[in-house]
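Welcome, and please open your viewer. This tour goes stop by stop, telling you what to select and what is there.

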Amino acid sequence: MEKKQFKAESKRLLEMMINSIYSQREVFLRELISNASDAIDKIYYKALTDDSLSFEKDSYFIKITPNKENRTLTILDTGIGMTKEDLENNLGIIAKSGSLAFKKENESKDGHDIIGQFGVGFYAAFMVADVVTVISKALGSDEAYKWESEGAEGYTIEPHEKDTVGTEIILKIKENEEEDNYDEFLEEYKLKSIIKKYSDFIRYPIKMDVKGQRAKEGSDNELEEYEEEQIINSMVPIWRKNKNELTDEDYVAFYNEKHYGFDKPIKHIHINVDGTVRYNAILYIPENMPYDYYSKEYEKGLELYSNGVLIMNKCSELLPDYFSFVKGMVDSEDLSLNISREILQQDRQLKFISKNISKKIKNELKSLMKNDRENYEKFYKSFGRQLKYGVYSDFGSNKEVLQDLLMFYSSKEKKLVSLDEYVSRMAEDQKYIYYASGESIERIEKLPQTELVSEKGYEILFFTEDIDEFAIKMLMSYNEKEFKSVSSGDLGIESEEDQKQTESEQNENKELFEFMKNILSDKVKDVRLSKRLRSHPVCLTTEGEVTIEMEKILSAMPD
Ligand code: ADP
Ligand code: MG
């Protein structure tokens with residue numbers, strides 16, 4: 001029998017997995033159960049959408065069987081199964097997105113950190129097993145196959161006997177080694193607790209034969225051993241549960257189980273709506289930016305369920321671009337299972353849900369900003385730019401939604417402040433919200449243009465990102481206060497008298513300025529007398545809407 005090689009990246013990851021001293025080895029079970037549940041979802045979905053198939057709820061389950069004598073742990077499911085090609089394609093290589101992340105993370109971090117960073121799914125089995133055997137029969141197929149691997153060396157596939165559709169994964173559990181205890185993965189109590197901890201809300205029954213003792217019938221003091229099949233999980237999906245039944249840990253566990261992210265979310269939002277459109281949703285604000293977030297590869301979207309059945313992995317219609325960082329899922333009884341992408345875009349229910357969700361996210365972010373500034377700043381560091389893009393690309397009501405979520409560095413506070421905070425602190429005679437653009441806070445602080453405004457005691461917002469000024473131009477004003485660049489010609493600070501005086505001095509020295517202008521010829525449009533300078537002899541200003549920083553960016557853009 002031919003032994004096949006894993007793809008290079010998979011091999012490296014496998015080696016790490018096998019040698020890892022990863023503390024949370026027990027998550028291997030979560031991964032395998034999650035795959036089993038996905039496989040049942042698939043067959044369930046097929047049955048619901050294909051009249052020739054039927055779905056008997058009772059015949060779909062996951063069964064966990066430890067065997068101490070053989071040192072094996074078996075995870076059986078009655079899901080859709082895998083063909084020979086599936087086995088080859090799905091278990092021989094690591095999902096593309098994962099491998100990308102792997103490469104990136106690998107540059108800075110060592111082995112076991114990485115494993116904690118992203119879901120490795122099926123491969124997690126090698127953390128606890130020397131040999132992994134997968135026996136599977138696909139729906140609609142007459143043959144079954146056995147896939148087997150001892151780790152990085154490669155794998156084999158051969159025909160095998162299996163009567164029923166589904167998959168059986170047999171793990172040959174490693175021998176104990178010094179401090180590493182693998183025996184526990186064969187212990188009933190341990191398995192039960194792992195299932196409870198990570199997979200409680202899996203919708204299908206996770207069964208296990210459980211041994212116990214009970215009083216012998218007809219006897220008061222004699223005990224007898226018995227074994228019975230029990231369902232270990234509660235089977236209620238977390239989103240159907242009541243918020244007050246759930247702890248923060250439950251939400252984090254769901255986030256991890258779903259691989260929404262590899263960080264700990266900053267906040268979760270649990271929505272149960274029972275109105276004209278009924279839906280449940282669990283949403284997360286991640287803390288860290290996904291590695292591909294600001295790239296074309298990144299796909300926004302939420303998981304979409306129709307009455308508990310997953311119908312789409314990334315439903316982009318549910319999230320506006322400016323909230324594309326939000327992760328999570330939506331389940332609605334009012335959506336058709338057979339809904340297609342095209343119909344989805346016009347679906348009224350979906351539109352309603354999407355609008356509703358956006359409102360909730362906005363409110364949660366607002367309250368985070370108000371009540372937990374530290375975490376909001378973390379969030380803002382990762383995703384603030386996306387909010388600004390949202391303002392910039394505004395064609396509708398984004399502005400209203402987003403302006404309250406923006407923050408900029410303040411010359412006075414020496415930290416990020418909101419526009420609302422700025423405006424509430426404005427001096428009585430202050431007309432504008434002042435800002436200064438530059439590469440960094442340090443550089444802006446040295447700008448001559450900031451001197452006059454600062455001297456007046458006015459606060460200045462520092463714009464250090466390309467997008468800042470563009471976004472503000474779209475916003476135009478906040479609370480009826482217009483934005484003003486400190487380098488614009490008219491700062492709205494000089495009194496009329498001052499302006500007149502400047503003008504007449506300008507006229508008196510007309511020849512001098514003409515002379516300077518000629519020397520600088522096409523480099524400047526005009527040379528003028530200024531009253532705004534304090535410690536600098538000269539500064540550049542612009543006329544009209546486009547400031548110097550914007551001009552720099554615009555001229556750097558490809559035509
Ligand atoms: P993911 O679940 O994120 O796709 P995994 O590494 O966990 O990645 O699994 C890889 C693929 O192998 C799955 O997408 C699925 O196609 C297939 N697979 C794994 N386990 C099973 C199973 N029990 N039944 C059917 N297919 C499975
Ligand atoms: Mg998986």
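Start by selecting Arg71, which counts as partly exposed because it has 18 C-beta neighbours inside 10 Å. The cut-offs behind that label are these: a residue is buried with 20 or more other C-beta atoms within 10 Å of its own, exposed with 12 or fewer, and partly exposed in between, the C-beta atoms being placed from the backbone.

Before moving on, two notes on what you are viewing. This is a predicted model, where local features need pLDDT of at least 70 and side-chain atom pairs count only at pLDDT 80 or more, while totals for chains, interfaces and linings use all residues. Residues are numbered from 1 along each chain as its sequence is written, and chains are lettered from A and ligands numbered from 1 in the order in which they are written.

**Around Arg71**

Arg71 sits in the loop between β1 (62-67) and β2 (72-77). Helices here are DSSP runs of H or I with at least four residues, strands are runs of E with at least two, and both are numbered from the N terminus. Contact means that the C-beta atoms of two residues, placed from the backbone, lie within 7 Å. For a sense of distance, select Glu222 too: Arg71 and Glu222 are 151 residues apart in sequence and 32 Å apart in space, C-alpha to C-alpha.

**The whole chain**

Zoom out for a moment. The protein chain has 18 helices and 19 strands, and 34% of its 559 residues count as buried. Among contacts between residues at least 6 apart in sequence, 69% join residues at least 24 apart.

**Ligand 1**

Next, select ligand 1. Which of the 15 residues around ligand 1 come nearest? They are Asn35, Ala39, Asn90, Gly121 and Phe122; a residue counts as near if its C-beta atom, placed from the backbone, lies within 6 Å. Two or more residues of the shell come from each of α2 (27-49) and α3 (84-91). The largest share, 4 residues, belongs to α2. Colour the shell by class and you will find 7 nonpolar, 6 polar and 2 charged residues. In this scheme Ala, Val, Leu, Ile, Met, Phe, Trp, Tyr, Cys and Pro are nonpolar, Asp, Glu, Lys and Arg are charged, and the others, Gly among them, are polar.

Select strand β8 (residues 223-231). Of its 9 residues, the number buried is 0, so β8 is hardly covered. Strand β7 (residues 206-215) pairs with β8 in the antiparallel sense over 9 bridges; pairing requires that DSSP finds at least two bridges between two strands. Look for Lys207, whose bridge partner in β8 is Ile231.

**The sheet of 5 strands**

Now select β9, β10, β13, β11 and β12, in that order: they form an open sheet of 5 strands with mixed pairing. The edge strands, β9 (267-274) and β12 (309-315), each pair on one side only. From one strand to the next, the twist averages 15°. To see one pairing up close, show β11 (residues 302-306), which runs antiparallel to β12 over 4 bridges. Tyr305 stands opposite Leu310 in β12.

**The sheet of 6 strands**

Another open sheet, also with mixed pairing, has 6 strands in the order β15-β14-β17-β16-β19-β18. Its edges are β15 and β18 (477-478), each with a single partner strand, so one side of each lacks a neighbour in the sheet. Helix α15 (residues 466-475) packs on this sheet, touching β16 (433-437), β17, β18 and β19.

Pick Tyr409 next. Its bridge partner in β15 is Leu416, and in β17 it is Phe462. β14 and β15 form a hairpin with 5 residues between them, where Lys414 in the turn has a positive phi of about 60°.

**Last stop**

Finish at helix α16 (residues 496-508). None of its 13 residues is buried, so α16 lies largely in the open.

How values were computed. Axes are lines fitted to C-alpha atoms, for helices over the stretch in contact, and angles run from 0 to 180 degrees between N-to-C directions.
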